[in-house]
Amino acid sequence: GYLALVAMMVGVGALGITRLAASQDHLEAMYRDSLQATLWLSETGDHLSTMTRALDDFALNSTARSVSDVSAGVMREDQLMDQSWRRYTATDMTGRETARDAFDAAVASYRDARDEKVLPLLASGDVAQGVAAMNTDLKRTQDASVQSLEDLKAIETRAAEQAITDRSEEHTSELQSRFGISYAVFCLKKK
């Protein structure tokens, strides 16, 4: 009887350690797949906003900085945005393809408007036309980019909520198993 009791206690301990490791793996996966992904999306949006603000600032005060300085700053933010976006798209894109592709298309249009219309107009000193292009083409493409990022953040939030729900159900099942084993050990002790 005593040997059976010890064996059951060792089994319960081993099961607990295994489940604890699985829980840790699950938390790390949720962090990597949902929370970190949302951070990369936010960084992507921040870099896009910073690029647009730099162009706005230049249009308002074009004498303070040269076009090459503004272009260099914008391109630096563009590279940082691409870096954050690549990190995000390296995660599981299942169920995210439509919003991902919409963002890619919107950003390509944003870059076209910026590089082919806004920057050349501002560089030529035609601030009025540059601002007009910013308020139409650039704003439209930035809004589409931001909407795609918001759609992706919503998908990531739902995925995190689902992971928490799934984990809660697993935890309930684990507790029921542990109670059953504990009850069996209790019954063996009584014998």
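Mentor: Let's talk through the overall fold, the helix packing, the core and the rings.

Trainee: Before that, what ground rules apply here?
Mentor: This is a predicted model, so local features need pLDDT of at least 70 and side-chain atom pairs count only at pLDDT 80 or more, while totals for chains, interfaces and linings use all residues. Residues are numbered from 1 along each chain as its sequence is written, and side-chain values use heavy atoms, with hydrogens and water left out.

Trainee: What is the mean pLDDT of the protein?
Mentor: The mean is 83, and 73% of the residues reach 70 or more. pLDDT is the predictor's confidence in each residue, from 0 to 100. Where it is low, the predicted coordinates should not be read in detail.

Trainee: OK, packing. At what angle do H2 and H3 pack?
Mentor: About 175 degrees, with the axes 12 Å apart. The axes are lines fitted to C-alpha atoms, for helices over the stretch in contact, and angles run from 0 to 180 degrees between N-to-C directions. H2 and H3 are therefore roughly antiparallel to each other; angles over 145 degrees get that label, under 35 is roughly parallel, 65 to 115 roughly perpendicular and the rest oblique.

Trainee: Which residues meet there?
Mentor: From H2 they include Val-67, Met-81 and Trp-85, and from H3 they include Phe-103, Val-107 and Leu-119.

Trainee: Now the inside. How many residues are in the largest nonpolar core?
Mentor: It has 29 residues, and Leu-55 and Tyr-88 have the most contacts inside it. The elements that give two or more residues to this core are H1 (2-60), H2 (67-89), H3 (97-123) and H4 (127-190). H1 provides the largest share, nine residues. By nonpolar core I mean buried Ala, Val, Leu, Ile, Met, Phe, Trp, Tyr and Cys residues joined through side-chain atoms within 4.5 Å.

Trainee: Is Tyr-88 buried or exposed?
Mentor: Tyr-88 counts as buried because its relative accessibility is 0%. Buried means under 20% relative accessible area, exposed over 50%, and partly exposed in between, with a 1.4 Å probe and protein chains only.

Trainee: What is Tyr-88 in contact with, beyond its neighbours within four places in sequence?
Mentor: Its partners include Ala-37, Trp-40, Leu-41, Leu-152 and Glu-156. Contact means heavy atoms within 4.5 Å.

Trainee: Switching to rings: how many aromatic pairs are there?
Mentor: Two. Trp-85 and Tyr-88 form a tilted one, 5.6 Å centre to centre with 35 degrees between the planes. Rings of Phe, Tyr and Trp (its six-membered ring) pair if their centres lie within 6.5 Å; planes under 30 degrees apart count as stacked, over 60 as edge-to-face and the rest as tilted.

Trainee: Where do those two sit?
Mentor: Trp-85 and Tyr-88 both lie in H2, three residues apart, about one turn of the helix. Trp-85 also forms a tilted pair with Phe-103, at 4.2 Å and 45 degrees. That pair links distant parts of the chain, with Trp-85 in H2 and Phe-103 in H3. Ring pairs link Trp-85, Tyr-88 and Phe-103 into a cluster.

Notes: Helices (H or I, at least four residues) and strands (E, at least two) are DSSP runs, numbered from the N terminus.
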